[in-house]
Amino acid sequence: MKSFPLNLKRILKKLKKEKNAIILAHFYTRMEVRKIADFVGDSLSLCRKAVNSKADVIVFAGVHFMAESASIISPEKSVLLPIPDAGCPMADMVSVEALRKEKEKHPDAAVVCYVNSSAAVKAESDICCTSSNAVNVVNSIENREIIFTPDKNLGAFVSLHTDKKIHLWPGFCHVHENIGEEDIKELKNLHPEAELLAHPECRPEVLSFADHILSTSGIVKEAGKSGATEFIIGTEKEIVRNLKRKYPDKKFYPVSKKAVCYNMKKVSLESVLNSLRNMEYEVQVPEDVRLKAKKALGRMLAVGGT
């Protein structure tokens, strides 16, 4: 990995001060990007940070739906996405038209929409959720039926922790869907004392091996407080680098070398700098869509989660 040029760091610091800007980065972005971020987190913590920030400009080092969410809840701020085509394949697996048809099939169901979705789909939903608060969100709703979109694996995990009827959307995260049972068995044989910390976007058969099923931030917290000294990390492999730096006395093993979110990796130091310098690329949501989506996100934030 290339080192961070000091002159770039000085330029960024100067630009942030001039424009009253803040840089938010997801856990899955490159280490060089996370190092210059003002805050690093998962979808829920970044969403909260965007709400509470007093910055006029938010540079979102992540993917499109994250920047959209920040713009939805903070329309008075300029939200910039350094790489405009950094998308989320799972978010593309649900459309407004398809969701409306599903709602017609289940008129008594509430729609719980994973935050990994477009603003338009959020606007068509009753409430959003993240991987860390999905169970709490579903159980907070009066409806006995739930349409859970777009992640079938997260929805299946939630269904184990509620007595509500869950209608699963057939979407998935390709990073977690590609983690297989054989990956787990191989690592368990190599490291029998290691705890498996797995993200709920993983397939059910993978989660059946997990010692703890947690969001990305939950994985980081659990690794710190656990008495175990070895961990198999069942999510995007970038988090392992973060954990090794944060807890150098413990050992961490990525569940698969193929567990890579290429869209997150598109964000570079240069793209963050250019984004702030040129005020590009601003993400905006049509007002009619934004107001509806804001209700769904606001309900999610009111439920909370860890």
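This note goes through the sheet, the cores, the cysteines and some backbone features of a predicted model.

1. Basis. The model is predicted, and local features need pLDDT of at least 70, side-chain atom pairs count only at pLDDT 80 or more, while totals for chains, interfaces and linings use all residues. Residues are numbered from 1 along each chain as its sequence is written, and side-chain values use heavy atoms, with hydrogens and water left out.

2. The sheet. Four strands make an open sheet in the order S10-S9-S11-S12, with parallel pairing. Strands here are DSSP runs of E with at least two residues, and helices are runs of H or I with at least four, numbered from the N terminus; two strands pair if DSSP finds at least two bridges between them. S10 (212-213) and S12 are the edge strands, each with a single partner strand, so one side of each has no neighbour in the sheet.

3. Pairings in the sheet. S9 (residues 195-198) pairs with S10 in the parallel sense over two bridges, and Leu-197 stands opposite His-212 in S10. S11 (residues 230-234) and S12 (residues 251-254) are joined in the parallel sense by four bridges. Between S11 and S12 the chain passes through helix H13 (residues 238-246), and this β-α-β crossover is right-handed, meaning that with the strands pointing away from the viewer the path from the first strand over the helix to the second runs clockwise. Phe-231 has Phe-252 in S12 as its bridge partner.

4. The main core. The largest nonpolar core holds 98 residues, and Val-112, Phe-148, Ile-233 and Leu-243 have the most contacts inside it. Helix H4 (residues 64-73) gives the most to this core, with six residues. A nonpolar core is a set of buried Ala, Val, Leu, Ile, Met, Phe, Trp, Tyr and Cys residues joined through side-chain atoms within 4.5 Å. Buried means under 20% relative accessible area, exposed over 50%, and partly exposed in between (1.4 Å probe, protein chains only).

5. H4 and the second core. Nine of the ten residues of H4 are buried, among them Phe-65, Met-66, Glu-68 and Ile-73. A second, separate core has nine residues, including Val-94, Val-96, Val-111 and Trp-169.

6. Cysteines. How many disulfides are there? The count is zero, a disulfide being a pair of cysteine sulfur atoms within 2.5 Å. The sulfur of Cys-113 has its closest cysteine sulfur in Cys-128 at 4.7 Å, too far for a bond. Cys-202 is in no disulfide either, and the nearest cysteine sulfur, that of Cys-173, is 8.5 Å away. Cys-113 is buried at 0% relative accessible area, and Cys-202 is buried at 1%.

7. Backbone features. Most residues other than glycine have a negative phi, and most peptide bonds are trans. A cis peptide bond joins Thr-149 and Pro-150, with omega about -5°; Pro-150 is in the loop between strand S7 (145-149) and helix H8 (152-159). Another cis peptide bond joins Glu-280 and Tyr-281, with omega about -5°. Tyr-281 is in the loop between helix H15 (269-278) and helix H16 (287-303). Met-279 lies in the loop between H15 and H16 and has a positive phi of about 55° although it is not a glycine; Met-279 is partly exposed at 32%. Asn-20 has a positive phi near 50° and is partly exposed at 35%.
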